[in-house]
Amino acid sequence: MKNGLVIADAGPIFSLAIIDKLELLNQIFDEIKISNAVWEEITLDKTTEFYKAIELFFRPKVKNINGFNELTFIMDYGESESVILYKELNANFLLIDDKKARNIAENFNIKCIGTLGVLSSAKSKGLIKELRPLFKIFLENQRYYSLKLLNTLLGKHNEQKIKHKA
């Protein structure tokens, strides 16, 4: 059983693209949408090695918000449009990693999931074999997840923890 409609923010899109796991979104959710502001963010740098994958995957998923974006004074443009799109489409989840923006969204009774939640779910469903190699790629590419949190998830899934870098 899939988890309905998810609205994705830019951070998780970049994280999933770096580990070549964008397709997990199709396997976990019935439908994926992104706001126009997120589209602008994720297609800004056309030189990244994963740009083409992002463009092909997300171009048909872009949706403009109907209302006025009154949240830009408390969240960045992409995050705020994602929250508004979530409300307008009555989505099931907001895929967001930024802690401050996630806290704000949750205060609006928005059900949030992060990149690590998607990967943990994928591992539980047997969609990916191991988390550890993916987490190591995050660390090598300066994706900002705490080592403590990564190791907590590795422990939950009975995988070897990542040692602190010397």
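1. Asn 109 sits in the loop between α6 and β5. Helices (H or I, at least four residues) and strands (E, at least two) are DSSP runs, numbered from the N terminus. Phi of Asn 109 is near 60°, a positive value in a residue other than glycine. With a relative accessibility of 71%, Asn 109 counts as exposed. Burial classes are as follows: buried is under 20% relative accessible area, exposed is over 50%, and partly exposed lies in between (1.4 Å probe, protein chains only).

2. A word on the basis. This is a predicted model, in which local features need pLDDT of at least 70 and side-chain atom pairs count only at pLDDT 80 or more, while totals for chains, interfaces and linings use all residues. Residues are numbered from 1 along each chain as its sequence is written, and side-chain values use heavy atoms, with hydrogens and water left out.

3. Asp 20 also has a positive phi, about 55°, although it is not a glycine.

4. Two strands count as paired if DSSP finds at least two bridges between them. Strands of a sheet pair through backbone hydrogen bonds, either parallel or antiparallel.

5. Which residues stand opposite each other? β1 and β2 pair in the parallel sense over 3 bridges, and Ile 7 stands opposite Lys 33 in β2. β1 and β4 are also parallel, over 3 bridges; here Val 6 stands opposite Phe 93 in β4. β4 (residues 93-95) and β5 pair in the parallel sense over 2 bridges. Leu 95 has Ile 113 of β5 as its bridge partner.

6. Contact means heavy atoms within 4.5 Å.

7. In a regular strand the side chains alternate between the two faces of the sheet. In β1, Leu 5 and Ile 7 point one way, Val 6 and Ala 8 the other, and all are buried.

8. Lys 33 deserves a check: buried or exposed? This residue of β2 is buried, with a relative accessible area of 18%. Beyond its neighbours within four places in sequence, Lys 33 contacts Leu 5, Val 6, Ile 7, Ala 8, Pro 60, Lys 61, Lys 63, Leu 85 and Leu 89.

9. Asn 64 lies in the loop between β3 and α5. With its neighbours within four places in sequence set aside, Asn 64 is in contact with Asn 36, Leu 85 and Glu 88. Its C-alpha atom is separated by 29 Å from that of Ala 122, 58 residues apart along the chain.

10. In α7 (115-124), 8 of the 10 residues are buried, so the helix is largely enclosed by the rest of the structure. Among them are Leu 116, Val 118, Leu 119 and Ala 122. The buried residues of α7 pack against α1, α2 (23-28), β4, β5, α8 (132-140) and α9. In α1, the buried residues include Pro 12, Ile 13 and Leu 16.

11. Last, the largest pocket. Its volume is about 590 Å³. It is lined by 24 residues, of which Asp 97, Asp 98, Lys 99, Tyr 144 and Tyr 145 are the closest to its centre. A pocket is found on a 1 Å grid over the protein atoms alone: it is an open set of points where a 1.4 Å probe fits, with protein on both sides within 12 Å along at least five of seven lines, and lining residues have an atom within 4 Å of a point. Grid points are joined across faces, edges and corners, and the volume is the space filled by probe spheres set on the points.

12. Which helix gives the most to this lining? α1 does, with 4 residues. α1 (10-18), α6 (99-107), α7 and α9 (147-156) each supply at least two. By class, the lining has 9 nonpolar, 6 polar and 9 charged residues. Ala, Val, Leu, Ile, Met, Phe, Trp, Tyr, Cys and Pro count as nonpolar, Asp, Glu, Lys and Arg as charged, and the others, Gly among them, as polar.
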